[in-house]
Amino acid sequence: MEKICVAIRVRPPVTASEDTTINGTHWKVEENRISLHKSHGSPISGVSYAFDHVFDESCTNSRVYELLTKDLILAAVDGFNGTVFAYGQTSSGKTFTMNGTQNDGGIIHRAVKDIFEKIHMISEREFLIRVSYMEIYNEEINDLFAVENQKLPIHESLERGVFVAGLKEEIVSNGEQVLKLIEGGEVNRHFGETNMNARSSRSHTIFRMVIESKRKDANSSGDYSTTDAVRVSVLNLVDLAGSERIAKTGAGGVRLKEGKYINKSLMILGNVINKLSEGAKQRGHIPYRDSKLTRILQPALGGNAKTSIICTVAPEELHIEETKGTLQFASRAKRITNCAQVNEILSDAALLKRQKLEIEELRKKLQGSRAEVLEQEILKLRNDMLKYELEREKLEMELKEERKSHKERDQCIKEQQVKIDNLSTGASSSDSDRNSIQEQHDGRQILKEELSGSNSVFKSDVFGTPTFKADSNAFVGKRSNYSRLPDFSPLPDNYTNVADEDTWLKMNKGFIADLDSIQMTPARKVQSFPSGDVTPGYSTENYKVEVETLKRQLELVLEEKNELEKKHVEQSQLNDHLMGEISELKHEAVLIREIPQRLCESMASCRDIYKDVMLTLQSFAPDEDSSIGKFLSTTSEIGFTLFSNLEKRVALAMDDHKSFNENDSLVQENCKVLSERLKSTITSLASAEKIAVQNKEEKNPICGSTYKECTLGEESASWKEKLGDELGAIKEKLQALEKELEHNNQLLKDSGERHDNMERDYWVLKEERDSLLDKVSESSQNLATVAVQKENILKDLNIEAERRKNLEKEIKQFSVAFASRQRSFTSFQGEFLSKVEKLRAQSPIAASESLGC
Ligand SMILES: Nc1ncnc2c1ncn2[C@@H]1O[C@H](COP(=O)(O)OP(=O)(O)OP(=O)(O)O)[C@@H](O)[C@H]1O
């Protein structure tokens, strides 16, 4: 057993000129003691601590390493586990101590160098060294050698103890290789700027070296039991993140979150140290599992390891509280004892060699042509392994959850069963109560009949008392049976309200109740009925449970109802919204449907205008049979035909979209015919014109009388041109109208489809709403049924209570009457005996006769 080695290191003030004394106190370092002093030099009592080492501001990393950690590091080469960690508030110099600077290397660098130096000096052993570097950031373990390895899980096994699954381990053969790897790892570390430190570590880092060694001559010596032992030691070099006061660091956002995680894990570390510093007896459970840091450092804290802690403190008076805290932590840590042993594994003699060979082989392969592929493969395998492990963990969690819920379900079912049992017991007991009451009533009825019959066992005498001769033991027997019932007494509590004979007769309608019928009532304790409330405790409990259950059911149903009502309101709102949309669409559809109508109207007005124009034109023509007249009438006919075709098509479109499309070719055919006719008219007109011109040319030189004809020919040419233009314009208009019609038709079709979809949606929603309404009404009915059931049960309960009350009253009254009867009987007996005595005294023969009867 050996104690943990604890040292304090005071960093220099942040700026050299800064005075660490503000209000008159400062830390003073003397040998291995640190204490708080007043400015004039006197120590402040109670604030003085002694440690294994206390390093002042002037101390170098080299000295810290030599005094505090060198031995531990060298012991690791000999097979002892070792851990060095730096603890302290933020900006107190932990990273400076562990990592150092370019000129003044920290503990890690020096340790790496020393280890390899020592290894080279030990010629009789062969070594295999693996290194890994991880950080715990926001309570998640990340691999600093492989950024892709994030959120690694911690596992525990018999052979490996606590280990981080999936962490990359590099096999190294010299110090430079390790330092290079560390340099690479540093890049991946989380640093951040705070008010306290421009480069504050935001994570705990653990640099780990696993040192395996074995005697070189192990195989040749033949002594496998001792020399074949493989020593495996683990060296952890830990740079903790610093505890921080949020007010001082000014952390917010990500920094704040990090700070919280840092403080929490350090607090757990403090708890572990506290527990360990207590005596073994008081110690109890050590909460290693509360944080990843303590779980990983478990062997170093109270386990099989040599441990050194370097606590760094800031000298400024501003940080006095934090420094005191760190010193107290260090004091407690000083009390911890570890039990370090050389870790020797007696294993297969060739294991190390084989592993080394395999590793060498792999390395060669990696360096060879397939290096990249193999590297990828290894990486993939590692990732797969990690994935499987994570998956397994997830499944384990799920299984746990499932088991838990299964258990809960079981429990629930059991509870339900108990409730059902209780309910059925309550129901059957109330049934049996009712039965017994019925039986009692029946019993009374039988007794009534017996009493009124000639064979009555209890014959009333003049005093109305029963004769005991017929069955002298009947009463006693029944009474004794009666009295066997526990805590049961038919006698009233007191005799203050003893009824007189009249009351007795009135009460029992002249009959004595059969005590057996009373016994038939299950053994309920009459006396246990409270005077005010006669409901027995047993039943009340059951009913209470039942009422509670019903209440709960009622609440559940009410909740369900509310939920459904809420849903219903939502659905109604949605429904209203959809209805609004549908009515909008309907309105739109109506408007679109009106388009052909409007087109028809505008076409009619176009046709009217066209008609007017044609009539005006025709009025200019000399007569109908003239070529112009013919031309105009043909044009007008074509125009009207076109108009009527167009109107027909629009009308068809309005009535029936399908037949409209089918008639399209017919209309086109019509147009074709008309245009042919127009063409032939124009051609005939043109030829007539030609002839007229020829005639004019021929006649003109002979006589000037054909001048008029000549002028008419010119006029008709200009008319022809105009009409041609007009016709073209009409055709264009027609085409435009057709296009518009087509477009409108398409719109109509689209909106029809939309309308259909909306209508479908509307019906689906309507159905949903209806089913919801059904559910609401169903649950309302359920609610009502449950409420009615509850009411009925409460009524039954009250009736039952009332019956019991009456019964108890009857029993009391009966008891009173019985007692009175008994008294009468006793006095009658006394009288009778005294009479017999008298008779005996008067005449012994008469007496014996009297007794014989
Ligand atoms: N002993 C020392 N000598 C000289 N400078 C030091 C010493 N200790 C710390 N410093 C300086 O103080 C500053 C803070 O140190 P460092 O980053 O090591 O603190 P830390 O405790 O690791 O802080 P954090 O917890 O925030 O990471 C650095 O600039 C560092 O160089």
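Student: How many bridges join strand E7 to E16, and do they run parallel or antiparallel?
Tutor: Keep in mind that this is a predicted model. Five bridges join E7 (residues 82–88) to E16, and the two run parallel. For a landmark, take Val 84, whose bridge partner in E16 is Leu 237.

Student: What about E15 and E16?
Tutor: That pair runs antiparallel, with 10 bridges. Here Ile 206 has Val 238 as its bridge partner in E16.

Student: Which way do the side chains of a strand go?
Tutor: In a regular strand they alternate between the two faces of the sheet. In E16, Ala 229, Arg 231, Ser 233, Leu 235, Leu 237 and Asp 239 point one way, while Val 230, Val 232, Val 234, Asn 236 and Val 238 point the other. All of them are buried. With 11 of its 11 residues buried, E16 (residues 229–239) is therefore largely enclosed by the rest of the structure.

Student: Now a helix: which residues of H4 are buried?
Tutor: Val 178, Leu 181, Ile 182 and Gly 185. Looking down the axis of H4, they fall within an arc of 100°, so they line one face. Glu 176, Lys 180, Glu 183 and Val 187 are exposed on the other side. The cover over the buried residues includes helix H3 and strands E8, E12 and E15.

Student: And what surrounds the ligand?
Tutor: A shell of 17 residues, the closest being Arg 11, Gly 93, Thr 95, Ser 200 and Gly 242. By class, three are nonpolar, 11 polar and three charged. Helix H2 gives the most, with three residues.

Terms used:
Residues numbered from 1 in each chain as written. Predicted model: local features only at pLDDT ≥ 70, side-chain atom pairs only at ≥ 80, totals over all residues. Buried ≥ 20, exposed ≤ 12 C-beta atoms within 10 Å, placed from the backbone. Helix = DSSP H or I, 4+ residues; strand = E, 2+ residues; numbered from the N terminus. Arc of directions from axis to C-beta. Contact = placed C-beta atoms within 7 Å. Near = placed C-beta within 6 Å. Nonpolar A, V, L, I, M, F, W, Y, C, P; charged D, E, K, R; others polar. Pairing = 2+ DSSP bridges.
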